[in-house]
Amino acid sequence: MMNYSDGDPEGPGDPEGPGDPEGPGAHGDPEPPDSDPDPAITVRALTTVRGGRTVLRGLDLTVPAGRVTGLLGPSGCGKTTLIRTIVGTQAQVTGTLTVLGRPAGHPSLRPRIGYVTQAPSVYDDLTVRQNLDYFAAVLLPGRTHRPARAAAVDGALTDVDLRDHADALAGRLSGGQRSRVSLAVALLGSPDLLVLDEPTVGLDPVLRRDLWDLFHRLAADRGTTLLVSSHVMDEAERCHRLLLMREGEILAEGSPDDLRRRSGTPTVEEAFLHLVDTAAARAAHEEPRP
Amino acid sequence: MTPARTLATAARVLRQLRHDPRSIALMLLVPCAMLFLLRYVFDGSPGTFDTIGASLLGIFPLITMFLVTSIATLRERTSGTLERLLAMPLGKADLIAGYALAFGLVAVVQSVLATGLAVWFLGLDVVGSPWLLLLVALLDALLGTALGLFVSAFAASEFQAVQFMPAVIFPQLLLCGLFTPRDKMAPALEAISNVLPMSYAVDGMNEVLRHPDVTTAFVRDALVVAGCAVLVLALGAATLRRRTA
């Protein structure tokens, strides 16, 4: 069952958390500082071209290990491209991208990263359990791993609260249930890094809260690093750390508190708008120059 | 490539198929129904039924597996499961061999049914061993799987994938010697038919039809079909990219 983290319905609990004292951006430094000794993801000067269009322009960012990092920005700002680049499924990438100490897309990373695409990627004509069985067999092949596979499948079903639907065809499930099957697949190998592309889109509030609780449990109990994208700003408050993105660039990086403090606004949403306006004003100021 | 992952993939493909009994029925029964129909279309000329029937035993598995594989892999591409699998520790060869294995198995069942019906119930006169008919049918099925896999890379929708069937299969069907012997065609067409794999599938079937033993021509035909299947499978593997734009 999905149990809610001890008496804190808000999920994240203390967003600052231990081990991340004050967050790096607290010094008012807009540059991503390298205070994190061993970040899970380090991106330097990353540029990605997709369909002839430059989608990511010289990105610099870090994602700390063992924390929940939110990647927020409006639809079409390049979140999915950044995620695909990190996972190693994106072509035409330049720059440096280190994931768990290896260059992104390195074969040794494949068993260590759980990736959930925006649209649920599961087989609609298989049951939930058959889906998980297959992906588990890809991660842990062979007869000797059979008990480990069964345990992983049961664990993942429990994590996403789908035990009751284990024998239902994935195609017959509701949208929210199907996206949870997709999430369960990503949880199978107990990955060190979990990359989730808009996992809570279209879900009801209760389910969204449950999933965020799960994300925080994974980070706290298993030390999993999570990178969660969303275009819904109120989810920002649930993250330890945020990457605010717009038009292929990172506008700001830091904890929700940092961002609010830096822009002097009560919510992350307003902080984001403030940052967008400042950026636009700066651009307008620079534009007239020949 | 890991055998366990290949087998798991084949089992998964078959499990998907099991949830779709109507497709299984169509794959297995349509060839039988066509042969049955053909037998009575050529009621007055059993010799014609022998030639065309034997050729069709080679052509059916190719067409069926082509369609099934192109749609199945296209679904895999569009549903995001391919991207997910390629982001996981799965070899491309595991995926392709898994598909080939699963659909190869279906092709064996289909061919056994069709060959058995033709030889024992419809009086198809085969001088050679029916096992050789089965072998060619299986190679054809592999070729169909390979072509379907390759073509699915160029189809953006299931709509397009189905349209590739007439584009890829029909020219081969017209030139393979089913309607008229290849050496009676215009020389240019005969030359083209010499490089199309289905021609060898049909030639192979006709060798079994007419000769009691394994002839060198049969061996050559079988090798050409098998070689084409392997070549196209390799091309298909090249279309599976871990990194896409």
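Here is a friendly tour, in questions and answers, of a predicted model with chains A and B.

Residues are numbered from 1 along each chain as its sequence is written, and chains are lettered from A, and ligands numbered from 1, in the order in which they are written. Because the model is predicted, local features need pLDDT of at least 70 and side-chain atom pairs count only at pLDDT 80 or more, while totals for chains, interfaces and linings use all residues.

Visitor: How many helices and strands does chain A have?
Guide: Helices (H or I, at least four residues) and strands (E, at least two) are DSSP runs, numbered from the N terminus. Counted that way, the secondary structure of chain A comes to 7 helices and 10 strands.

Visitor: Which residues of chain A does UniProt list as "domain: ABC transporter"?
Guide: UniProt positions are given in the numbering used here, feature names are shortened, and annotations may be inferred rather than shown by experiment. The stretch in question is 34% helix and 26% strand, with its end C-alpha atoms 23 Å apart. In the unreviewed entry, the domain covers residues 41-272.

Visitor: Is strand β3 of chain A enclosed or open?
Guide: A residue is buried if 20 or more other C-beta atoms lie within 10 Å of its own, exposed if 12 or fewer, and partly exposed in between, with C-beta atoms placed from the backbone. Val68(A), Gly70(A) and Leu72(A) point one way from β3(A), Thr69(A) and Leu71(A) point the other way, and all are buried. That makes 5 of the 5 residues in β3 (residues 68-72) buried, so the strand is largely enclosed by the rest of the structure.

Visitor: Which residue in β8(A) is the bridge partner of Leu71(A)?
Guide: Two strands pair if DSSP finds at least two bridges between them. β3(A) pairs in the parallel sense with β8 (residues 225-230) over 5 bridges, and with β9 (residues 241-246) over 4 bridges. In β9(A), Leu72(A) has Leu244(A) as its bridge partner. In β8(A), the partner of Leu71(A) is Ser229(A).

Visitor: Which strands stand at the edges of the open sheet in chain A?
Guide: Its 4 strands run in the order β2-β1-β4-β5, with antiparallel pairing. β1 (residues 41-50) and β2(A) share 7 bridges, and Leu46(A) stands opposite Leu59(A) in β2(A). Each edge strand has a single partner, so one side of each is left without a neighbour in the sheet: these are β2 (53-63) and β5 (102-103).

Visitor: Which helix gives the largest share of the side of chain A that touches chain B?
Guide: Two residues are in contact if their C-beta atoms, placed from the backbone, lie within 7 Å. The contact takes 27 residues from chain A and 24 residues from chain B. The largest share on the chain A side, 5 residues, comes from α2 (residues 128-139).

Visitor: Where in α2(B) does the kink lie?
Guide: At 1.5 Å a residue, times one less than the number of residues, the 21 residues of α2 (residues 21-41) of chain B should span 30 Å, and the end C-alpha atoms are 30 Å apart, which agrees. The bend at a residue is the angle between axes fitted to the seven residues ending there and the seven starting there. A kink of about 35° lies shortly before the proline Pro31(B), at Leu29(B).

Visitor: Which residues of α2(B) are buried?
Guide: The cover over these residues includes α3 (46-78) and α5 (92-121) of chain B. The buried residues are Met27(B), Pro31(B) and Leu35(B).
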